[in-house]
Amino acid sequence: MAKNIKKLLRAKGFKVMMIGLWRDNPVFCMLLGICSGLAVTNKVENAIAMGAGVTFVLIFTALTISALRNFIPARVRIITYMIAIASFVIIVDRFLQAFYPVIREAIGPYVGLIITNCIIMGRAEAFASKNKITHSMMDGLGVGLGYSYTLVIIAIVRESLGFGTILGFRVMPDGWTNWVMMAMAPGAFFVLSIYLWITRTIAGVESKE
Amino acid sequence: MGNLLTIFIAAVFTHNIALTYLLGMCPFIALSKSFKTAFGMGIAVIFVVTLTAAINWPIYHLILVPAGCELIYYIVFIIVIAASVQLVEMIMEKFFVVLQASFGIFLPLITVNCTVLAVSLFMVLRSYSYLATIVFAFGSAVGWMLAILIVAAINEKLRLVSDIPKGLRGPGIIMIIAGIIALAFLGFGGMVRIQ
């Protein structure tokens, strides 16, 4: 058993996944996917739905692109990626509409905007178009999870301050006055910038200026 | 007419696409380091957004809806957008070489600029008429440009005079500036009302 776990830890696929989780985390290192990251993090459930949607699209786009990587002509590759991504986003959109209509209502157009989430395009171009199917899928999973936990952290801060709840459960004391600003756009900017400040200081990322 | 003006004002100020809907943030952060680049990008966005919305509306209402396949509108919209970006790029290469040089790799990124797709999606969601769509698209793009110009101008001055903490440099501080500007834009709230 222990031997198996060790073997798993040493496998390349696993390493690829861990890189996505921390060192190449899409949000705070590569600064991708900020739009949806800011817009859907006012409630934790929206952030989870968005994270899951993006992860799903990432994994299956990676699978498609990686499987077809030797057949896609370089000249039209971007539009091919776009079509692959858009198809999977339609699946996510339909799924949410069928099973979680309330969340679909809340994050509305942002589901469609997964298509223009630069993370997916970036990974397709930088990783999936050059690597084996399994590694590409693990990369998609790692980056997707890295993206999701970032969204959830930001959403926890914003929902608890803005609504006094987390996932609908009351966490703040009764005397708490909702900090409405946190649920609105400026709050998103402030929380994300503070989050960037903290994580970039810990990870030692320097921006080139 | 009054209705169109309302839509325009709402798109620029009260429902600013960058500061209220938080869209188009990737180029926003990448390009708001210099005022000049921000200006060029803003013009390009205005052009592409208005153009794509003007093309997408007839495609959606005259082809997709009668044919009963609204389902695939994501794919159709994104293809239209990618094609128009290609067009703008070709025009720029030919006539505005300097501008092209200062954009570097960011022009192709307009394709993945959420503003462009978002405007087309909002157009469907709010079922605007053709004229309203064009006014809304133009207004949204102008609003986006306004926001990026304000932030870029502040950022440019700020970097000269202040000692920003290490981890906050670059994107972090841009985000804080944008947050403060978004607060200021909240002051426009209640000026006009749209659904």
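Biologist: What does chain A average in pLDDT?

Modeller: This is a predicted model, where local features need pLDDT of at least 70, side-chain atom pairs count only at pLDDT 80 or more, and totals for chains, interfaces and linings use all residues. Residues are numbered from 1 along each chain as its sequence is written, while chains are lettered from A and ligands numbered from 1 in the order in which they are written. pLDDT is the predictor's confidence in each residue, from 0 to 100. In chain A, 85% of the residues score at least 70, and the average is 82.

Biologist: How do α4(A) and α8(A) run relative to each other?

Modeller: Axes are lines fitted to C-alpha atoms, for helices over the stretch in contact, and angles run from 0 to 180 degrees between N-to-C directions. The axes of α4(A) and helix α8 (residues 133–162) of chain A come within 8 Å and cross at roughly 165°. Angles under 35 degrees count as roughly parallel, over 145 as roughly antiparallel, 65 to 115 as roughly perpendicular and the rest as oblique. That makes α4(A) and α8(A) roughly antiparallel.

Biologist: Over to chain B: how many helices does it have?

Modeller: From the N terminus on, its elements run α-α-α-α-α-α-α-α. There are zero strands in chain B, and the helices number eight.

Biologist: What is the radius of gyration of chain B?

Modeller: That radius is taken over C-alpha atoms, and the globule rule is 2.2 Å times the number of residues to the power 0.38. With 195 residues, a compact globule would come out near 16 Å, and chain B agrees with that, at 17 Å.

Biologist: Which helix of chain B gives the most to the side that touches chain A?

Modeller: Two residues are in contact if their C-beta atoms, placed from the backbone, lie within 7 Å. The contact takes 35 residues from chain A and 39 from chain B. On chain B, α2 (25–31), α4 (73–95), α6 (114–125) and α8 (171–186) each supply at least two residues. With nine residues, the one giving the most is α8(B).

Note on methods:
Helix = DSSP H or I, 4+ residues; strand = E, 2+ residues; numbered from the N terminus.
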